[in-house]
Amino acid sequence: PMGEAPAAELDAVLGGGGWDVGVSFEGPPPPTDPVRLGRNACYVVLAVLFNEEVRQPPRDPHPGGTRCPPNPSPSPQDGVLLVQEAKPECRGKWYLPAGRMEPGESIVAAMRREVKEETGLECEPLTLLALEERGPAWIRFAFLARPTGGTLKTLEEADAESLQASWWAGDPSALPLRAPDILPLLDLAARYRRSPPHPPTLPQELPCALLCLRLLVAFANDAGDLWVLLGTAGTPHLPVVACGMSPAELRGGLRLPVLQLLRDCLPPDPRPGPLGLLGLQHRAGGPGGADGVCFNMLLSIPPRSPGAAPPEPRSPACRWWHVEEESLRGRILQRLRATVPVRS
């Protein structure tokens, strides 16, 4: 029965919302120090914007194309927004608008600020495209956004943020890029515009002192049965694990605390599938000025045989809940195929 499961929490998380993190965590003890940008964490924001989203086509900042990259198609319905870098180590190279988030700043506000500073355009986010991480100390939030106003920065307006911005309608790999890591993001954005693989997903304004993951761990067999792993301390809830900040834990990435929890709760074989992001929560100036983020992650445990039941928990801290309600089961199974990708 639904009374045995956190129905409201599941509904919020599946819908891309958030939920109070609380103070108790599954798995290893959480760090004692809060997450603070510039001290023990770095968050980066990046945005992909397409020209066809512009209500009125922007002016050409350099008629004739003598100082901007030549545009093979003059149609105002083409082009991705690129910036020419001003930093000495990559001056003159091209990249997507991106930069570091500042303490006391929300994730969306940071994205809007970077786009404005580097391109001259105002924008609004449409969805997260991907979550990229190199351990808890470096996380990049890649957005798909749409321009809502402003004018493209020209070479006459060059400053320390960028030299200029341009709508580029050709193959971005033909440009001298600061790094090729933006090419997969451009592919993701193009696919999302053609056929969104997941619902629009944006950060929720809820506080979090630590960097942590709320886990929706699902086990589905080929007979159509579905189970969800629940934490048993207090009221049944989706397990929450905190990311450690030691050098070894930083190298292990966001997946490390997940594997540690499953190793403690479940038999070591089989290994879980990839992480997928359902949503995230962050509030600028959180508890004690902390910059923590809680990621709502979905992952599956593959069955070892047809019709199998989930592996018996090794710890009383977790138990499996059999999902019998048809609409909830359908939502979970659908989201197993429709999450924001997490790239490590």
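The legends below describe close-up views of a predicted model.

**Figure 1. Confidence along the predicted chain.**
The mean pLDDT of the protein is 87, and 91% of the residues score at least 70. Among the elements, strand S3 (residues 94-95) has the highest mean pLDDT, 98, and helix H4 (residues 247-252) the lowest, 78. Over residues 53-77 the pLDDT stays under 50. For residues 53-77 the model has 44 contacts beyond four places in sequence.

**Figure 2. Packing of helix H1 against helix H6.**
Helix H1 spans residues 7-14 and helix H6 spans residues 326-335. The two helices pack at an angle of about 35 degrees, and their axes are 11 Å apart. The crossing of H1 and H6 is left-handed. On the H1 side, the contact is made by Leu10, Asp11 and Leu14; on the H6 side, Leu328, Arg331, Ile332 and Arg335 take part. Sorted by class, the contact of H1 with H6 has four nonpolar and three charged residues, and no polar ones.

**Figure 3. The aromatic pair Tyr43 and Phe141.**
The structure holds four aromatic pairs, one of which is formed by Tyr43 and Phe141. The two rings are edge-to-face, with 5.8 Å from centre to centre and 85 degrees between the planes. Tyr43 belongs to strand S1 (residues 42-49) and Phe141 to strand S6 (residues 138-150). The pair links distant parts of the chain, as its two residues are 98 residues apart. Both Tyr43 and Phe141 are buried. Together with Phe295, Tyr43 and Phe141 form one aromatic cluster.

**Figure 4. The aromatic pair Phe219 and Trp320.**
Phe219 and Trp320 also form an edge-to-face pair, with ring centres 6.1 Å apart and planes at 65 degrees. Because Phe219 lies in strand S8 (residues 211-220) and Trp320 in strand S13 (residues 318-322), the pair ties together parts that are 101 residues apart in sequence. Phe219 has a relative accessibility of 1% and therefore counts as buried, the cut-off being under 20%. Trp320 is buried as well, with a relative accessible area of 12%.

Ala142 is found in strand S6. With a relative accessible area of 0%, Ala142 is buried. Ala142 and Leu46 are 96 residues apart along the chain, and their C-alpha atoms are separated by 4.8 Å. Beyond its neighbours within four places in sequence, Ala142 is in contact with Leu46, Thr127, Leu128, Leu129, Ala130 and Leu185.

**Figure 5. Val35 in the loop between H1 and S1.**
The loop between H1 and S1 contains Val35. Val35 has a relative accessible area of 3% and is buried. Leaving aside neighbours within four places in sequence, Val35 is in contact with Asn40, Ala41 and Tyr43, with Ala209, Leu210 and Leu211, and with Ala290, Asp291 and Gly292. The C-alpha atoms of Val35 and Ala137 are separated by 9.2 Å, and these residues are 102 residues apart along the chain.

**Figure 6. Pro306 in the loop between S12 and S13.**
Pro306 lies in the loop that runs between strand S12 (293-300) and S13. Pro306 has a relative accessible area of 69%, so this residue counts as exposed; the cut-off for exposed is over 50%. The C-alpha atoms of Pro306 and Asn221 are separated by 6.5 Å. Along the chain, Pro306 and Asn221 are 85 residues apart.

Note on methods
Residues are numbered from 1 along each chain as its sequence is written. This is a predicted model: local features need pLDDT of at least 70, side-chain atom pairs count only at pLDDT 80 or more; totals for chains, interfaces and linings use all residues. Side-chain values use heavy atoms; hydrogens and water are left out. Axes are lines fitted to C-alpha atoms, for helices over the stretch in contact, and angles run from 0 to 180 degrees between N-to-C directions. Helices (H or I, at least four residues) and strands (E, at least two) are DSSP runs, numbered from the N terminus. A crossing is left-handed if the near helix is turned anticlockwise from the far one by less than a right angle, and right-handed if clockwise. Contact means heavy atoms within 4.5 Å. Ala, Val, Leu, Ile, Met, Phe, Trp, Tyr, Cys and Pro count as nonpolar, Asp, Glu, Lys and Arg as charged, and the others, Gly among them, as polar. pLDDT is the predictor's confidence in each residue, from 0 to 100. Rings of Phe, Tyr and Trp (its six-membered ring) pair if their centres lie within 6.5 Å; planes under 30 degrees apart count as stacked, over 60 as edge-to-face and the rest as tilted. Buried means under 20% relative accessible area, exposed over 50%, partly exposed in between (1.4 Å probe, protein chains only).
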